[in-house]
Amino acid sequence: MSSVILAFVVWAAGSFICVRIAQGPGHDTTAARVAVPVLFGVTILAMWELLVRGLEVSPVILPAPSGIADRFSGSATVLWQDFLQTVLKGALTGYIIGCSIAFLAALAIDRVDFLKRGLLPIGNFVAALPIIGIAPILVSWFGFDWHSKAAVVVVMVFFPMLVNTVQGLADTTQMQRDLMKTYSASYWQSLVKLRLPAALPFIFNGLKISTTLALIGAIVAEYFGSPTRGMGFRISTEVGRLGIDMVWAEITVAAIAGSVFYGLVVLAERGLTFWHPSQRS
Amino acid sequence: MKKLMIGAMALGMGTGAAHAADEVTLQLKWVTQAQFAGYYVAQEKGFYEEEDLDVTIKPGGPDIAPEQVIAGDGADVITTWMAAGLAARERGLPLVNIAQPFKSGGLQLTCLKESGIETPDDFPGHTLGVWFYGNEYPFYAWMAKLGVPTDGGAEGVEVLKQAFNVDPLLNKQADCISVMTYNEYGQVLDAGISEDELVTFNYLEEGVGMMEDGLYVMEEDLQDPEFVDKMVRFVRASMKGWKYAEENPEEAAEIVVEADETGAQTYEHQLYMMGEIAKLTAGSDGSLDPADFDQTVATLLSAVSPENPAITEEPSEGAWTHMITDEALK
Amino acid sequence: MRNILPILTVLSAILIIWYLGAIWMNSAWTLDRAEGPLTLTEIVQDTMTQDRPRLPAPHQVAAELYDTVIDKKVTSKRSLVYHGWITLTSTLAGFILGTVVGLLMAVGIVYSRTLKMSLMPWAIISQTIPIVAIAPMIIVVLASMGVEGRAVPKAIIAAYLCFFPVLVGMVKGLTAPDAMQIDLMKTYNATPAQEFWKLRLPTSVPYLFTSLKIGIAAALVGTIVGELPTGAVRGLGARILVGDQFGNPLMIWSALLAAAALAGILVSVVALLQTVVMKRMGFAQ
């Protein structure tokens with residue numbers, strides 16, 4: 001019982017410090033910006049640990065963070081092997097292929113107005129669909145290894161990427177395009193010098209949406225058949241044999257992989273679109 | 001007969017009015033199908049009601065481990081395979097087998113003849129489909145017994161996590177797949193592959209058979225006389241349901257199709273399944289034969305798989321009990 | 001309206017590719033099972049009528065859809081309308097829950113620097129965690145807390161995906177009024193509450209609707225994910241799962257198309273609501 005009380009003490013202390021830092025004079029510094037969310041996360045983890053212990057929750061229902069950390073460090077090789085299979089082979093390959101195809105398709109569509117008018121509404125519609133449901137079909141088509149996972153990812157990221165790129169390419173004003181004409185710029189010149197840079201914020205938006213979709217797609221597809229490695233495989237198998245701490249270790253890997261993946265795209269965006277108003281703070 | 005029914009109904013209603021029936025929640029290992037016909041029949045024919053029980057049957061699925069559900073108080077009693085039940089016990093979840101409606105097992109490995117597999121010695125170098133979710137223990141025990149590594153290569157076998165269907169065999173993505181006699185084997189035949197194109201290995205005949213669907217409860221619940229009494233009535237009614245299903249396969253199949261909430265099951269397939277299931281339940285009156293238990297444990301321990309052990313030591317005392325069935329079958 | 005012709009062209013192109021794909025993908029099985037040499041017509045005919053095709057032909061899916069949508073009573077468990085309804089209710093519950101959470105968090109973040117600094121990074125991280133990984137955990141933890149059935153866990157999974165676009169959109173929307181407008185409110189001596197209700201909230205409405213359209217599509221994805229690998233027994237996701245298990249591709253495809261139709265209807269309803277509300281509020285369209 002005392003752990004439960006302690007949990008709320010920790011919560012009160014954690015939020016008090018967060019408020020003090022945020023309201024304090026140094027709130028605009030980088031240190032404060034990192035410290036507050038980290039402190040928030042640590043508070044939540046501490047509460048989780050204390051509540052699980054205090055309420056004596058069975059580890060097959062919800063393991064404590066310390067137990068998950070133990071399992072995480074103890075199974076590093078297995079986790080790494082699963083990470084390779086699911087994130088690098090399945091998700092990343094599919095992400096690169098899907099986004100590249102969508103980008104090239106967008107360039108092609110952009111040149112033909114008829115196609116643009118036909119494909120854009122359909123693309124917009126498909127981008128809103130629960131495409132995840134095709135996972136079992138693609139697994140039966142492309143086999144059990146990472147190829148079918150990459151295929152699911154390709155289909156999932158294709159439409160959001162396509163729609164965003166096409167919209168981005170249209171995001172120049174008449175004035176700007178006329179200016180390029182007065183320079184007697186060719187199609188490619190005006191594409192590279194004007195329209196692609198103008199489309200970058202949209203393209204990055206598509207790339208960012210796709211990072212999350214790629215991981216979801218690769219993991220779900222593993223539920224429908226896989227070799228004996230991979231994060232989706234491990235999660236569903238360990239649920240079956242009550243290794244719930246291992247499931248949470250995989251979730252931790254997924255969260256880290258997802259955040260790093262997203263973070264890298266954001267960094268690239270900052271580097272390439274530093275001139276755009278959305279990047280000025 | 002009719003009079004008797006009315007009498008029974010009147011009795012049921014009479015007791016129902018006096019006090020609420022005892023609630024029992026049963027978590028199944030898999031989706032609604034004739035594999036669980038006995039429970040659905042007992043429900044539908046009022047056998048549970050006669051025992052003054054209000055039974056909720058929860059279907060399972062790929063991500064649902066019955067052991068986890070019972071640990072989280074989501075069920076009073078579960079059906080699972082003995083290897084999985086013992087594995088959970090060794091991992092600190094004290095499950096107890098209170099009844100064993102399945103006398104023999106239906107797990108098989110079916111291979112295409114054209115892959116060149118004739119005996120288990122031909123496995124190395126081939127790709128085998130295996131179910132996980134706690135069903136992989138017999139397979140790994142078998143491979144350990146054969147001395148075949150399971151990490152691919154020319155000497156070993158490549159293991160695929162087979163999902164839920166027989167597509168890997170039809171699409172030739174795997175040379176062999178796991179099938180249950182009562183379900184997937186029929187699907188392979190239905191898909192147009194004839195029996196003489198197949199080579200089938202039965203786990204029981206290979207000496208690595210294990211007890212399949214049994215009823216398991218939490219050890220601590222058995223301290224409570226009221227719970228024990230409830231389980232006695234539950235097992236009695238369930239076994240009545242099983243025997244009724246064996247004798248009336250058509251009606252049982254209909255009941256199962258009616259109970260299936262996905263609306264995906266067909267009567268033909270469930271009838272086939274019921275016929276095969278009846279062969280597995282035929283020899284059992286519900287009580288576990290200790291010899292069968294010992295045989296399963298011996299198989300698991302004779303070939304402890306290095307990477308996928310179900311158990312590594314003799315199960316602790318009390319992994320099964322006759323206290324329920326002795327009372328129920330009196 | 002001028003887009004009708006291009007759209008129809010693209011749709012017919014998709015249909016033709018689909019048919020060609022069906023012939024190509026299903027012919028392997030036809031040839032494998034054939035007793036003797038077959039003519040091209042025979043092959044094509046067979047690929048159109050298989051029981052478990054790798055890719056069902058469009059008319060097969062249409063027939064299955066007709067059978068399960070029109071021909072069955074809507075209360076029947078074999079009716080897609082029934083399963084669609086189950087999915088719809090969870091989606092809407094998740095959508096409402098997600099929208100409310102997203103709105104409250106947005107208001108909190110706009111008005112409190114502490115919340116902004118501590119919550120916002122975690123909200124972003126939460127979306128990079130693949131929902132499928134935690135779905136089964138959510139179901140078990142809720143079950144051990146005494147929440148029975150699949151409806152609540154599904155709604156929570158849907159809300160998990162849905163709250164984020166609403167949060168981001170509303171933070172943008174609530175901070176959209178520029179300094180001039182806020183100063184004007186100050187000169188009126190408006191209280192913070194008045195500033196919120198009369199300036200910030202109305203300004204954020206267009207942002208809200210854009211987010212809601214993304215949010216409702218996300219809620220549907222969440223519901224289907226919640227039904228797919230977690231052994232739900234009713235709903236479109238469950239139909240996909242069971243169709244896969246029993247080797248019934250027609251069932252998978254018809255459930256997929258039903259899900260697509262549902263997504264289309266939901267997004268259209270929100271878009272319609274947007275038009276009506278914006279007109280009433282006097283936003284120039």
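Colleague: Which pattern does chain C follow when you read along its sequence?

Modeller: Keep in mind that this is a predicted model. Along the sequence, chain C reads α-α-α-α-α-α-α-α-α-α-α. Counted up, that chain has 11 helices and zero strands.

Colleague: What makes you say that chain C is more spread out than a compact globule?

Modeller: Set its radius of gyration against the globule rule. Chain C comes out at 24 Å, while the rule gives 19 Å for 285 residues; 24 Å is well over that, so the chain is more spread out than a compact globule. Its C-alpha trace spans about 90 × 55 × 35 Å along the principal axes.

Colleague: And why is chain B called as compact as a globular protein of its length?

Modeller: Same test, new chain. For 330 residues the globule rule gives 20 Å, and the radius of gyration of chain B is 20 Å, so chain B counts as compact as a globular protein of that length. Its C-alpha trace spans about 70 × 45 × 30 Å, and the chain holds 13 helices and 10 strands.

Colleague: Let's look at those strands. How do you know that β1 and β3 of chain B pair?

Modeller: Pairing takes at least two bridges between the strands. Strand β1 (residues 22-27) and strand β3 (residues 77-80) of chain B are joined by two bridges, and they run parallel. The cut-off is at least two, so these strands count as a pair. You can find one partner yourself: B:Leu26 is bridged to B:Val77 in β3(B).

Colleague: What makes β2 and β4 of chain B edge strands?

Modeller: Go through the order of the open sheet in chain B: β2-β1-β3-β10-β4, five strands with mixed pairing. Strands β2 (53-58) and β4 (95-99) of chain B each pair on one side only, and that makes them the edges. On average, neighbouring strands in this sheet are turned by 35 degrees against each other, ignoring direction.

Colleague: Which helix lies across β3, β4 and β10 of chain B?

Modeller: That's helix α5 (residues 82-90) of chain B, and α5 runs at about 145 degrees to β4(B).

Colleague: Over to chain A. How do you describe the way helices α4 and α7 of chain A cross?

Modeller: Two packed helices are described by the angle between their axes and the distance between the axes. Here, the axes of α4 (residues 76-111) and α7 (residues 146-169) of chain A come within 6 Å and cross at roughly 35 degrees. The crossing of α4(A) and α7(A) is right-handed. Their contact has 22 nonpolar, six polar and three charged residues.

Colleague: How far apart are the centres of the two domains of chain A?

Modeller: Chain A is divided into domain 1 (2-57) and domain 2 (72-279), with 34 Å between their C-alpha centres. Chain C has domain 1 (4-55) and domain 2 (80-281), and there the C-alpha centres lie 39 Å apart.

Colleague: How many residues does each chain bring to the contact of chain C with chain A?

Modeller: Chain C gives 41 residues and chain A gives 46. Elements giving two or more residues on the chain C side include α1 (4-33), α9 (192-227) and α11 (249-281) of chain C. By class, that side divides into 30 nonpolar, eight polar and three charged residues.

Colleague: What is the class make-up of the side of chain B that touches chain C?

Modeller: In that contact, 24 residues of chain B meet 23 residues of chain C. The chain B side has 10 nonpolar, 10 polar and four charged residues.

Note on methods: Residues are numbered from 1 along each chain as its sequence is written. Chains are lettered from A and ligands numbered from 1 in the order in which they are written. This is a predicted model: local features need pLDDT of at least 70, side-chain atom pairs count only at pLDDT 80 or more; totals for chains, interfaces and linings use all residues. Helices (H or I, at least four residues) and strands (E, at least two) are DSSP runs, numbered from the N terminus. Axes are lines fitted to C-alpha atoms, for helices over the stretch in contact, and angles run from 0 to 180 degrees between N-to-C directions. Two residues are in contact if their C-beta atoms, placed from the backbone, lie within 7 Å. Domain bounds come from an automatic or database domain assignment. A crossing is left-handed if the near helix is turned anticlockwise from the far one by less than a right angle, and right-handed if clockwise. Ala, Val, Leu, Ile, Met, Phe, Trp, Tyr, Cys and Pro count as nonpolar, Asp, Glu, Lys and Arg as charged, and the others, Gly among them, as polar. The radius of gyration is taken over C-alpha atoms; the globule rule is 2.2 Å times the number of residues to the power 0.38.
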